Amino acid sequence: MAKDYYVARDAYKLEDLAAKKYQFYSQQAVDPQVKNLFNQISQVQQKTAQEFQQMMNKFPQ
């Protein structure tokens, strides 16, 4: 059970970092289509990170 927690935690960290990177890229982009694409990707990454965080909350500490 503890191993599953750590796997979920690591996945959460990776997804959260990816979301932050894509948000940064979105802010730096000049082309509106590129800005929108990076923003959409960031939102998907944030949603996935939240799902991993919810999984982590299910494990006893």
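A crossing of two helices is left-handed if the near helix is turned anticlockwise from the far one by less than a right angle, and right-handed if clockwise. This is a predicted model, in which local features need pLDDT of at least 70 and side-chain atom pairs count only at pLDDT 80 or more, while totals for chains, interfaces and linings use all residues. Residues are numbered from 1 along each chain as its sequence is written, and side-chain values use heavy atoms, with hydrogens and water left out.

**View 1. Packing of helix H1 against helix H2.** Helix H1 covers residues 2–28 and helix H2 residues 32–58; their axes lie 8 Å apart at an angle of about 160°. H1 is therefore roughly antiparallel to H2 (angles over 145 degrees; under 35 is roughly parallel, 65 to 115 roughly perpendicular, and the rest oblique). The crossing of H1 with H2 is left-handed. Residues of this contact comprise 14 nonpolar, 9 polar and 4 charged. Axes are lines fitted to C-alpha atoms, for helices over the stretch in contact, with angles from 0 to 180 degrees between N-to-C directions. Helices are DSSP runs (H or I, at least four residues), numbered from the N terminus. Ala, Val, Leu, Ile, Met, Phe, Trp, Tyr, Cys and Pro count as nonpolar, Asp, Glu, Lys and Arg as charged, and the others, Gly among them, as polar.

View 2. Gln45 belongs to helix H2. With a relative accessible area of 17%, Gln45 is buried (under 20%; exposed is over 50% and partly exposed in between, with a 1.4 Å probe and protein chains only). Beyond four places in sequence, Gln45 is in contact with Glu15, Ala18, Ala19 and Tyr22 (heavy atoms within 4.5 Å). The side chains of Gln45 and Glu15 form a polar contact at 2.7 Å. A polar contact is a pair of N or O atoms within 3.5 Å; within protein, one must be able to donate a hydrogen and the other to accept it, and residues adjacent in sequence count only if both atoms are side-chain atoms.

**View 3. Asn39 in helix H2.** Asn39 is partly exposed, at 24% relative accessibility. Residues up to four places away in sequence aside, Asn39 touches Gln23 and Ser26. From Asn39 to Glu51, 12 residues apart in sequence, the C-alpha to C-alpha distance is 19 Å.

**View 4. Asp31 in the loop between H1 and H2.** Asp31 has 36% relative accessibility and counts as partly exposed. A polar atom of the Asp31 side chain lies 2.7 Å from the backbone nitrogen of Gln33. Asp31 and Glu51 are 20 residues apart along the chain, and their C-alpha atoms are separated by 31 Å.

Note on methods. Helices (H or I, at least four residues) and strands (E, at least two) are DSSP runs, numbered from the N terminus.
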